[in-house]
Amino acid sequence: LVLPLPLGFAADTFGGRPLAAAASAMLACGMALLALADSRAFDSYVVGFMLVSAGGCTFYFSTLLLAQLFAPRRRNLAISMCSFALDSSSGMFLLFELANRGTHGVVSAQVFWTVLAAFVAPVTL
């Protein structure tokens with residue numbers, strides 16, 4: 001609710017590439033915090049999830065700039081594909097649940113978020 005106006009301004013001012021780099025950094029930091037989270041010492045789950053959600057929103061705005069590359073009659077399709085990609089990203093929680101149950105707890109939250117931070121976030125750069 002808070003990010004769209006400043007992100008729109010940043011997208012118009014700086015362009016999509018710096019926005020995507022900032023999004024990747026926020027995603028990687030958020031996933032690293034989730035991987036290292038220990039609620040006994042410091043509850044970094046809240047900060048980690050805030051960074052992941054802010055990074056996702058920022059990445060969505062950077063991909064919306066790609067719609068300008070399409071012909072005017074195809075831009076709505078491009079925007080709907082970007083929206084679908086953002087909405088389907090919540091599937092990572094389903095993947096974690098399936099991996100955790102399928103391995104009887106061997107794939108813990110720390111392992112899952114470490115893998116995501118190490119392999120998925122750098123790919124978006």
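Which residues form one aromatic cluster? Phe49, Phe93, Phe96, Phe112 and Trp113 do, and they are taken up again in the views below.

The model is predicted, with local features needing pLDDT of at least 70 and side-chain atom pairs counting only at pLDDT 80 or more, while totals for chains, interfaces and linings use all residues. Residues are numbered from 1 along each chain as its sequence is written, and side-chain values use heavy atoms, with hydrogens and water left out.

**View 1. Overall fold of the protein chain.** The protein chain has six helices and zero strands (DSSP runs numbered from the N terminus: helices are H or I of at least four residues, strands E of at least two). Its C-alpha atoms fill a box of roughly 50 × 30 × 25 Å along the principal axes. Of the 125 residues, 29% are buried (buried is under 20% relative accessible area, exposed over 50%, partly exposed in between, with a 1.4 Å probe and protein chains only).

**View 2. Aromatic pairs.** Six aromatic pairs are counted (ring centres of Phe, Tyr and Trp, the last by its six-membered ring, within 6.5 Å; planes under 30 degrees apart are stacked, over 60 edge-to-face, the rest tilted). One of them, Tyr60 with Phe61, is edge-to-face, at 6.3 Å centre to centre and 85° between the planes. Tyr60 and Phe61 are both buried. The pair of Phe96 and Phe112 is tilted, because the ring centres are 5.2 Å apart and the planes lie at 50°. Phe96 belongs to helix α5 (residues 91–102) and Phe112 to helix α6 (residues 109–123), so this pair ties together parts 16 residues apart in sequence.

**View 3. Nonpolar cores.** The largest nonpolar core has twelve residues, among them Leu27, Val52, Phe96, Phe112 and Trp113 (a core is a set of buried Ala, Val, Leu, Ile, Met, Phe, Trp, Tyr and Cys residues joined through side-chain atoms within 4.5 Å). Helices α2 (16–35), α5 and α6 each give two or more residues to this core. A second, separate core has seven residues, including Ala10, Ala11, Phe61 and Cys82.

**View 4. Helix α5 and the residue His104.** The end C-alpha atoms of α5 are 16 Å apart, which agrees with the 16 Å that its twelve residues should span at 1.5 Å a residue (the expected span is 1.5 Å times one less than the number of residues). His104 follows α5 and has a positive phi, near 55°.
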